[in-house]
Amino acid sequence: MNQATQNLSLQGEAGVLEALLDVPTEGVVQGTAFIAHPHPLFGGTMHNKVVQTLARAFVQCGWRAVRFNFRGVGASAGSYDEGRGEAQDMLRVIEQMAPDGPVALAGFSFGAFVTSHVVQALGEARLPQAVVLVGTAASRFEVAPVPQALHERCLVVHGEQDDTVPLASVMDWARPQSLPITVIPGVEHFFHGQLPLLKSLVIRHLKASGA
């Protein structure tokens, strides 16, 4: 992402996990943000442009940003596990990179589904300072509900013309929770041409929520 990006080798449930760390160049570090990538079987990696955009937004707001490849992706050991093992991977990464202190969680598509379950697994003992879910794969997976205590700290962003995950499926997931969704008109799943807007929305959310 930049010259200061650090390559990391972390330990997951199925073996070594490949990861990248970006840190703010100035100011007080707010905490550590963990960003989960899209579906491993459809080309999703920590180098995805939406994932990189999320990392840049967090770094700009003073957060360390950790991206990592789920099991079976890139140099990460193991094989695809339908989200169960991937959630364990994310939890292990959090344990190693931020055993204490503030954390923020974000995910794109399949990564948003995994992130929702990681939030649930962390529970009240470690509520994230911020949660960002982009292109949430609610039509394909059982996305966990966002705890009520996190609603004000949670940003859900979706493209109006997402042909991978229909907006209606995300609305169906959010409706019982009364969880707001930010819809970007005319945008599809990968936010082509609208990544700067996505970044600005995340930065605005982080500043508004004090993260």
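View 1. On a 1 Å grid over the protein atoms alone, a pocket is an open set of points with protein on both sides within 12 Å along at least five of seven lines, and lining residues have an atom within 4 Å of a point. In this predicted model, local features need pLDDT of at least 70 and side-chain atom pairs count only at pLDDT 80 or more, while totals for chains, interfaces and linings use all residues. Residues are numbered from 1 along each chain as its sequence is written, and side-chain values use heavy atoms, leaving out hydrogens and water. The largest pocket holds about 210 Å³ of space. It has 15 lining residues, and P38, H39, F42, S109 and H189 are the closest to its centre.

**View 2. A look at H189.** You'll find H189 in the loop between β8 (182–184) and α5 (195–208). Is H189 buried or exposed? H189 counts as buried because its relative accessibility is 2%, and buried means under 20% relative accessible area with a 1.4 Å probe, protein chains only. Its side chain makes a polar contact of 2.9 Å with that of S109 and another of 2.6 Å with that of D162. Here, a polar contact is a pair of N or O atoms within 3.5 Å, where one must be able to donate a hydrogen and the other to accept it, and residues adjacent in sequence count only if both atoms are side-chain atoms.

**View 3. The largest cavity.** A cavity is a set of grid points where a 1.4 Å probe fits but cannot get out. This one has a volume of about 40 Å³. Its lining is S116, V119, V131, L133, P145, V146 and P147.

Methods
Points joined across faces, edges and corners; volume = space filled by probe spheres on them. Helix = DSSP H or I, 4+ residues; strand = E, 2+ residues; numbered from the N terminus. Buried < 20%, exposed > 50% of the residue type's maximum accessible area, 1.4 Å probe, protein only.
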